[in-house]
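Thanks for coming. I have one chain to go through today, and I will keep to what can be read from the coordinates. Please have the viewer open.

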Amino acid sequence: MEPLLMLFPVISGINMGSNCGYHVVYSGTVAGAREAFFNGIPAVSVSYDWVGGKSSVDDYTLTAEACLPIFRAILSEIKNKSYPLNGFLNIDLPTDIANHKGYKLTRQGKSIFKMGWEEVKSEGQGGKMLSTMEMESDSSARAEIDTATVAAGYRMFKRKVIRPVIDDVDTDKRSLQEGYITVTPLGAISPAETDCHSYVKEWLPSAVQQFSSSAL
């Protein structure tokens, strides 16, 4: 009899907020699928691109339903012993999930939200930060709000988005913004860009020689 875990994939999510680009590196949702991948178990991470004032709890139902064709296909491949175990899938679903443009195979890009700090007067200011480092400013999305004011002599700061950096090419975040359900195959190896590797190859011998203990 086959191990039970091999008959069913691990589904990590649904995350509140997208997980694209560099955010994939520190996403707990993606990490859950990655851990299954390390253990030879088929896995999928799922994230919904929540936007305050536009999204609602009902969108999670639509998100789950939109993923069903992919889940069923994976189960079929597992049953036929033809599903590959040398990677896992990261699925991101657009804000307007009810009117998505279809499923699109994408690759991980370099999008990221540059973060900074903003001084506030109470805990309730500044909005809620999603796991993707994006700010959720819609108060209706919060379960509770702490309105405690800052004590005299203290200053309080909250994280804020300074600016988003989005790829101009056909990658996961860009396609998600265009309304597609993005399906991105991922692995666990993080090699540097070719030019960085080439630089270090030339730099390392002289660096070691110049700053070795004998030289110091």
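Let me begin with a residue, Thr-184. Leaving out residues up to four places away in sequence, Thr-184 touches Phe-88, Leu-89, Asn-90, Thr-106, Arg-107, Gln-108 and Asp-172. Thr-184 is part of strand E9, residues 181-186. Its relative accessibility is 0%, so Thr-184 counts as buried. Keep in mind that this is a predicted model.

Now the chain as a whole. It has five helices and nine strands. Read from the N terminus, the order of elements is β-α-α-β-α-β-β-β-β-β-β-α-β-α. There are 216 residues in the chain, and 38% of them are buried. The accessible surface is about 13,200 Å², with 56% of that belonging to carbon and sulfur atoms. If you take contacts between residues at least 6 apart in sequence, 80% of them join residues at least 24 apart.

Back to E9, and what lies beside it. Five of the six residues of E9 are buried, so the strand is largely enclosed by the rest of the structure. Which strands does E9 pair with, and in what sense? E3 and E9 pair in the antiparallel sense, over five bridges. Within that pairing, Leu-89 has Pro-185 of E9 as its bridge partner. Strand E4, residues 103-105, runs parallel to E9 and is joined to it by three bridges. There, Tyr-103 stands opposite Ile-181.

One of the residues on the list for Thr-184 was Asn-90, which is found in strand E3. Is Asn-90 buried or exposed? Asn-90 has a relative accessible area of 0%, so it is buried. Setting aside neighbours within four places in sequence, Asn-90 is in contact with Asn-19, Val-24, Val-30, Ser-45, Thr-182, Val-183, Thr-184 and Leu-186. For a distance to check on screen, take the C-alpha atoms of Asn-90 and Val-46: they are separated by 6.2 Å, and the two residues are 44 apart along the chain.

That brings us to E2. Six of the six residues of E2 are buried. Ala-43, Ser-45 and Ser-47 point one way from the strand, while Val-44, Val-46 and Tyr-48 point the other way, and all of these are buried. E2 pairs with E1, residues 10-16, in the parallel sense over five bridges. In that pairing, Ser-12 has Ser-45 as its bridge partner. E2 is also joined by five bridges to E3, residues 88-93, and these two run parallel as well. Val-44 stands opposite Leu-89 in E3.

Next, the rings. How many aromatic pairs are there? The count comes to six aromatic pairs. One of them is Trp-50 with Tyr-60, which is stacked, at 5.9 Å centre to centre and with 25° between the planes. Trp-50 sits in the loop between E2 and H3, Tyr-60 sits in H3, and the two are ten residues apart. Trp-50 has a relative accessibility of 8%, so it counts as buried. Tyr-60 is partly exposed, at 21%. The cut-off for buried is under 20%. Elsewhere, ring pairs link Phe-37, Phe-38 and Phe-88 into a cluster. There is also a charge over a ring: Lys-104 lies over the face of Tyr-180, at 4.7 Å from the ring centre.

Last, the backbone. Most residues other than glycine have a negative phi, and most peptide bonds are trans. Two places here are worth a look against that background. Gly-13 and Ile-14 are joined by a cis peptide bond, with omega about 20°. Ile-14 belongs to strand E1. The other place is Lys-81, in the loop between H3 and E3. Lys-81 is not a glycine, and its phi is positive, near 60°. With a relative accessible area of 65%, Lys-81 is exposed.

That is what I have on this chain.

Conventions. Residues numbered from 1 in each chain as written. Predicted model: local features only at pLDDT ≥ 70, side-chain atom pairs only at ≥ 80, totals over all residues. Heavy atoms only, no water. Helix = DSSP H or I, 4+ residues; strand = E, 2+ residues; numbered from the N terminus. Buried < 20%, exposed > 50% of the residue type's maximum accessible area, 1.4 Å probe, protein only. Contact = heavy atoms within 4.5 Å. Phe/Tyr/Trp six-rings, centres within 6.5 Å; stacked < 30°, edge-to-face > 60°. Lys NZ or Arg CZ within 6 Å of the ring centre and 35° of its normal. Pairing = 2+ DSSP bridges. Areas by Shrake-Rupley, 256 points an atom, 1.4 Å probe, with all protein chains shown as cover.
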